[in-house]
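User: I am new to this structure and would like a short tour of it. Could you take me through the main points?

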Amino acid sequence: MNQVKVGIVGSRFAADFHCDSYSRNDRVKIAAVAAIDNLEEISTKWNIPKTYENYREMMDKEDIDLVSVCVPNFLHHDVVLAAAEAKKHVVCEKPLATTSAEAEEMVNTCADAGVKLFYAEDWGFAPALNRALEIINQGGIGEVLYVKAREVHCGSHSPFAKKKDTCGGGALIHLAIHPIGFMLYMLGGADNPVVEVTAKTTGGLDRNYVHKDFEGEDWAVGLMKFADGKRALAEGNYITVGGMDDCVEIYGSHGRMNIDLTFGSPIRCYSRQGIDYAIEKTDFTHGWTKPAVDEFESLGYVRELRYFVDCVINDQQPKPGVDGAAGLACIKVVEAMYQSAKEGKSVVVET
Ligand SMILES: NC(=O)c1ccc[n+]([C@@H]2O[C@H](COP(=O)([O-])OP(=O)(O)OC[C@H]3O[C@@H](n4cnc5c(N)ncnc54)[C@H](O)[C@@H]3O)[C@@H](O)[C@H]2O)c1
């Protein structure tokens, strides 16, 4: 196989960066898109020949190899199962599902159907984080002892993120899932699972700091303890103004590293009237900004989708950290964190 034909499900924010990333890959043809709105805009922008209002119809009618799932979290389960039934490989956006039971069913169904399930945790492909892992692997900071990381911004653009039944929760499942996924990839694995979590959240609605209309929490922190004693602290919040702030701090026995995924641009710009765009979730762009050079590249989307396409072409399973099992492990940790926050005590994680 020299070319992978892709069908996108979804037509807005995530669908757009999937289309952008696929368009940079000359071994991909975006054959069709299915969504309940915005079809004309997205198909025109990315030159997609076919549009569908029903994703099952797209999967039945189109000769596609790979489906990209870019719909609200609660729909991931149904769309992935439909893709497996139609014998299409499938890239699923984060979080893999809103419950571990659904995530487990997705992993098992894809395995039974013989299709590959790719978990789209882009931090696993962010160039800065990959370089940090190289430095760790060469012993550059000694043994990693503790990691602290966050994805935080001022609130999701998407209405489904405000509701628990469509999102699965608040900033923990929707944002902190990125640092959790990366930390499991970096510190965890089958032989070093998370054994205990301790979490706090604002709890949603009136208890939130800012977003009283969000059913899920607008602030969450979760501490993970791994079997080997290493610890990692993940934060997700919607109370951060001034742009999306994704940072990782890694503490080693002989050194440390700070990685800035979103404000790390080499450009410092001062503009009196403002510019077209600086970084994700900024309110305005006048005065001093740090305009991203290529946000989709630095956040990992471009390399992630290139890697998944290569897996399809070369008939390879995805590496640990970005396979269905990794997505399921993240959801199990998130569920334990919600339980910990609710009960006000640490929770032992079943592995
Ligand atoms: N990896 C990342 O950094 C990242 C960033 C943003 C979003 N996401 C994930 O991508 C997914 C989509 O988020 P978004 O921000 O694009 O949401 P959005 O609200 O911008 O878009 C939702 C899309 O879902 C489509 N949709 C809704 N119901 C549908 C149905 N029944 N059939 C087909 N299409 C349907 C809509 O047409 C719309 O295009 C979410 O799971 C989110 O967590 C990931």
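User: Which domains does the shell around the ligand draw on?

Analyst: The shell around the ligand takes at least three residues from each of domain 1 (4–123) and domain 2 (125–300 + 330–348). Please keep in mind that this is a predicted model.

User: How many residues are around the ligand, and which come nearest?

Analyst: There are 26 residues around the ligand, and S11, D37, N73, S158 and Y301 come nearest.

User: How do the residues of that shell divide into nonpolar, polar and charged?

Analyst: The shell around the ligand holds 13 nonpolar residues, together with 8 polar and 5 charged ones.

User: Where does the ligand sit?

Analyst: The ligand is placed in the largest pocket.

User: Which element gives the most?

Analyst: That is α1, which contributes 3 residues to the shell.

User: Now the contacts. What is 2.6 Å from an oxygen atom of the ligand?

Analyst: An N or O atom in the side chain of S11 lies at that distance from a ligand oxygen. S11 is also among the residues that come nearest to the ligand.

User: And which residues have an atom 2.8 Å from a ligand oxygen?

Analyst: H76 does, through an N or O atom in its side chain.

User: How much of the ligand does the protein bury?

Analyst: Taken alone, the ligand exposes 850 Å², and the protein buries 90% of that area.

User: Back to K94. What kind of peptide bond joins K94 and P95?

Analyst: K94 and P95 are joined by a cis peptide bond, with omega at about -15°. P95 belongs to the loop between β5 (89–93) and α5 (100–113).

User: Changing topic to backbone angles: what is the phi of N38?

Analyst: N38 has a positive phi of about 60°, although it is not a glycine. N38 is located in the loop between β2 (28–34) and α2 (39–45).

User: What about K281, and where is it?

Analyst: K281 is not a glycine either, and its phi is positive, near 70°. The loop between β13 (269–271) and β14 (287–289) contains K281.

Methods: Residues numbered from 1 in each chain as written. Predicted model: local features only at pLDDT ≥ 70, side-chain atom pairs only at ≥ 80, totals over all residues. Heavy atoms only, no water. Near = heavy atom within 4 Å. Polar contact = N/O pair within 3.5 Å; in protein donor to acceptor, adjacent residues only side chain to side chain. Areas by Shrake-Rupley, 256 points an atom, 1.4 Å probe, with all protein chains shown as cover. 1 Å grid on protein atoms, 1.4 Å probe; cavity = no way out; pocket = protein on both sides within 12 Å on 5 of 7 lines; lining within 4 Å. Sits in = over half its atoms within 2 Å of the grid points. Helix = DSSP H or I, 4+ residues; strand = E, 2+ residues; numbered from the N terminus. Nonpolar A, V, L, I, M, F, W, Y, C, P; charged D, E, K, R; others polar. Domains from an automatic or database assignment.
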